[in-house]
Amino acid sequence: VDLVRYATFAEFEAAIGDRRLWCVENPTDVPYTRADFRHDDVLLFGSESKGLPADVTARFAGRRIGIPMPTGNVRSLNLA
């Protein structure tokens with residue numbers, strides 16, 4: 001995995017071009033297992049404490065997916 005940082009969301013969008021963006025959030029009604037992924041899709045994760053910005057999730061509302069936490073005892077997953 002190559003780590004790349006962008007100063008703005010606009011720069012990030014320009015870099016991914018026309019690839020589809022999926023917002024990974026919890027909680028959400030759609031688990032990642034029900035997403036119709038393509039080989040060049042992009043997954044966007046927010047910070048642990050704040051998640052993704054509301055304007056981003058609103059723009060990509062049709063592509064919000066989550067990772068189920070079945071026991072209810074886990075608050076988040078560490079991306080590291």
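This is a predicted model: local features need pLDDT of at least 70, side-chain atom pairs count only at pLDDT 80 or more; totals for chains, interfaces and linings use all residues.
Figure 1. Trp22 belongs to strand E1, which covers residues 21-24. Beyond its neighbours within four places in sequence, Trp22 is in contact with Ala35, Asp36 and Phe37, with Asp41, Val42, Leu43 and Leu44, and with Arg63 and Ile65. Thr8 and Trp22 are separated by 14 residues in sequence, and their C-alpha atoms are 18 Å apart in space.

**Figure 2. The largest nonpolar core.** This core has 9 residues, namely Phe12, Ile16, Leu21, Cys23, Val42, Leu44, Leu52, Val56 and Phe60. At least two of its residues come from each of helix H1 (9-16), E1 and E2. In soluble globular proteins, nonpolar side chains tend to be buried together. One of the core residues is Cys23; its contacts, leaving aside neighbours within four places in sequence, are Leu44, Leu52, Val56, Phe60, Arg63, Arg64 and Ile65.

**Figure 3. Aromatic cluster of Tyr6, Phe9 and Phe12.** These three residues, Tyr6, Phe9 and Phe12, form one aromatic cluster. The number of aromatic pairs comes to 3. For Phe9 and Phe12, the ring centres are 5.6 Å apart and the planes meet at 45 degrees, so this pair is tilted. The class follows because planes under 30 degrees apart would count as stacked and those over 60 as edge-to-face. Phe9 and Phe12 lie 3 residues apart in helix H1, which means that about one helical turn separates them. Phe9 is partly exposed, with a relative accessible area of 26%, whereas Phe12 is buried at 14% relative accessibility. Phe12 is also listed among the residues of the largest nonpolar core.

**Figure 4. Nonpolar patch on the surface.** The patch is formed by Tyr32, Phe37, Leu43, Phe45 and Leu79, which together have about 480 Å² of accessible area. Tyr32 is placed in the loop between E1 and strand E2 (42-45). With a relative accessibility of 40%, Tyr32 counts as partly exposed. Two further members of the patch, Phe37 and Leu43, are among the residues in contact with Trp22.

**Figure 5. Ser49 in the loop between E2 and helix H2.** Ser49 is located in the loop that joins E2 to helix H2 (54-59). The relative accessibility of Ser49 is 67%, so this residue counts as exposed. Along the chain, Ser49 and Glu25 are 24 residues apart, and their C-alpha atoms are separated by 12 Å.

**Figure 6. The protein chain as context for the close-up views.** The secondary structure comprises 2 helices and 3 strands, and the elements run α-β-β-α-β from the N terminus on. The C-alpha trace spans about 40 × 25 × 25 Å along its principal axes. The chain has 80 residues, of which 24% count as buried. Among contacts with a separation of 6 or more, 58% are between residues 24 or more positions apart. The accessible surface of the protein chain comes to about 6300 Å², and carbon and sulfur atoms account for 51% of this area.

Conventions:
Residues are numbered from 1 along each chain as its sequence is written. Side-chain values use heavy atoms; hydrogens and water are left out. Helices (H or I, at least four residues) and strands (E, at least two) are DSSP runs, numbered from the N terminus. Contact means heavy atoms within 4.5 Å. Patches are made of residues with over 30% relative accessible area and no salt bridge: like charges are joined within 9 Å, nonpolar side chains (Val, Leu, Ile, Met, Phe, Trp, Tyr) within 5 Å. Accessible areas come from the Shrake-Rupley method with a 1.4 Å probe; for residues, only the protein chains shown count as cover. A salt bridge is a side-chain nitrogen of Lys or Arg within 4 Å of a carboxyl oxygen of Asp or Glu. Buried means under 20% relative accessible area, exposed over 50%, partly exposed in between (1.4 Å probe, protein chains only). A nonpolar core is a set of buried Ala, Val, Leu, Ile, Met, Phe, Trp, Tyr and Cys residues joined through side-chain atoms within 4.5 Å. Rings of Phe, Tyr and Trp (its six-membered ring) pair if their centres lie within 6.5 Å; planes under 30 degrees apart count as stacked, over 60 as edge-to-face and the rest as tilted.
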